[in-house]
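I opened this model to take notes on its fold and on a handful of residues. My entries follow in the order of looking.

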Amino acid sequence: MEWLTEFGAIAAMQGFNGLSVFCVLLLMALGLAIIFGQMGVINMAHGEFLTVGAYTTYLVSVLTLKYMPELQPYYFFVAIVLSFVIAGALGWLAEWALISKLYQRPLDTLLATWGLSLVMQQAFRSIFGAREVSASMPDWLMGSFNPTDAIDIPRNGLFVMAVTLLLTAAIFFLLYRSRWGLQVRATVQNRVMSRAVGINTKKVDRMTFALGCGVAGVAGAAFTTIGSTGPTSGSLYIVDTFLVVVFGGAASLFGTIASAFSIAQTQSIAEFFISGSMAKVLTLSAVILILMLRPQGLFSIKVRK
């Protein structure tokens, strides 16, 4: 029975590692679901807004250690807020300068945002260099929690989970319990009628895009707790993020959560038994099989065209 206990402990730790990946993937997917599901824009630069949040966290870490070391235990909270604000502001600017000219042209938005992602990656290389960097974590995020002698749960993972839960609840409230969320859902249901009743759909689109990019920025701040940051860090998540949104059903918040959890856990547990590449192949194959049976995703919603 000893082997069974060890296997259970390993499965629990792998499952928690999957929860850490799930948190970053969910935050990325929430931002993309808001943009893709609500606006129909294929944002290939979404991963770069994660990188913006990660580099923002790194800069706040460096500046705090250099000028205000006594505030180092608290800088991460400021970094999360700044990551959201800066990524959101850049998203607002991108929508105003680029995306607003390409609505109803999904392939053009795909090409334009792909070009934007390349420009942003080169900007990261020019500003921060090609080498990966890491933020200095506060002491209270280091170490682990031990519910049993055989299980170690990292504290940074618990913190990321708490941030993810709070942000997910805030987005749910914003979309389904606020006047602005009502305007967003009305625009999705019928854009022409929304304009007719006085909703400024251009403003709604701009704020929606900015919100989605801001959430990706928070994902970047969370990412710094589990990995180092480089110019292409965000692009590593973009395929999985699109997979989560399509698998869960565009414009479905609950579907995005369920899809991110399923994909992250499947991939994390499979990586323990087989290689990382084969785990991705297994996960992708399972998703494709399910989408063949249910092309609209797990939790699609009805939209009036």
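The entries below go from the whole chain to single residues.

**Ground rules**

I am working from a predicted model, in which local features need pLDDT of at least 70, side-chain atom pairs count only at pLDDT 80 or more, and totals for chains, interfaces and linings use all residues. Residues are numbered from 1 along each chain as its sequence is written, and side-chain values use heavy atoms, with hydrogens and water left out.

**Confidence**

I checked pLDDT, the predictor's confidence in each residue from 0 to 100. The protein has a mean of 82, and 85% of its residues reach 70 or more. By element, helix 3 (residues 75–97) has the highest mean, 95. Strand 1 (residues 144–148) has the lowest, 67.

**Overall fold**

I took helices (H or I, at least four residues) and strands (E, at least two) as DSSP runs, numbered from the N terminus. I count 11 helices and two strands. The order from the N terminus is α-α-α-α-β-β-α-α-α-α-α-α-α.

For burial I used relative accessible area: buried is under 20%, exposed over 50%, partly exposed in between, with a 1.4 Å probe and protein chains only. Of the 305 residues, 48% count as buried.

I set contact as heavy atoms within 4.5 Å. Among contacts with a separation of 6 or more, 75% join residues 24 or more positions apart.

I looked for disulfides, meaning pairs of cysteine sulfur atoms within 2.5 Å. The structure holds zero. I looked up two cysteines anyway. Cys23 is buried at 2% relative accessibility, and Cys213 is buried at 0%.

**Annotated spans**

The unreviewed UniProt entry annotates "transmembrane region" at residues 16–37, 74–98, 157–176, 209–230, 236–260 and 272–293. UniProt positions are given in the numbering used here, feature names are shortened, and annotations may be inferred rather than shown by experiment.

I compared two of these spans with the model. Residues 157–176 are 100% helix and 0% strand, with end C-alpha atoms 28 Å apart. Residues 209–230 are 68% helix and 0% strand, with end C-alpha atoms 24 Å apart.

**Helix 8**

How far should the 23 residues of helix 8 span? The expected span is 1.5 Å times one less than the number of residues. For helix 8 (residues 201–223) that gives 33 Å, and its end C-alpha atoms are 33 Å apart, which agrees. Burial came next. Helix 8 has 20 of its 23 residues buried, so it is largely enclosed by the rest of the structure.

**Leu50**

I moved to helix 2 (residues 46–67), where Leu50 sits. Leu50 is buried, at 0% relative accessibility. Beyond neighbours within four places in sequence, Leu50 is in contact with Val24, Met28, Ala216, Ala219, Gly220, Phe223 and Gly234. I also noted Thr229, 179 residues from Leu50 in sequence but 9.9 Å away in space, C-alpha to C-alpha.

**Thr113**

Thr113 belongs to helix 4 (residues 106–128). Its relative accessible area is 0%, so Thr113 is buried.

Which polar atoms does the Thr113 side chain reach? I used polar contacts: pairs of N or O atoms within 3.5 Å; within protein, one must be able to donate a hydrogen and the other to accept it, and residues adjacent in sequence count only if both atoms are side-chain atoms. The side chain of Thr113 reaches the backbone oxygen of Leu110 at 3.2 Å. A polar atom of that side chain also lies 2.9 Å from the backbone nitrogen of Met44. Outside four places in sequence, Thr113 is in contact with Ile42, Asn43, Met44, Ala45 and Ile99.

**Thr168**

I found Thr168 in helix 5 (residues 155–176). Thr168 is buried, with a relative accessible area of 11%. Not counting residues up to four places away, Thr168 touches Leu26, Leu30 and Ile257.

Trp96 lies in helix 3. Buried or partly exposed, I asked of Trp96? Trp96 is partly exposed, at 47% relative accessible area. Trp96 and Arg206 are 110 residues apart in sequence and 7.0 Å apart in space, C-alpha to C-alpha.

My last stop was Ser262, in helix 10 (residues 253–273). Ser262 is partly exposed, with a relative accessible area of 32%. Thr283 is 21 residues from Ser262 in sequence and 9.3 Å away in space, C-alpha to C-alpha.
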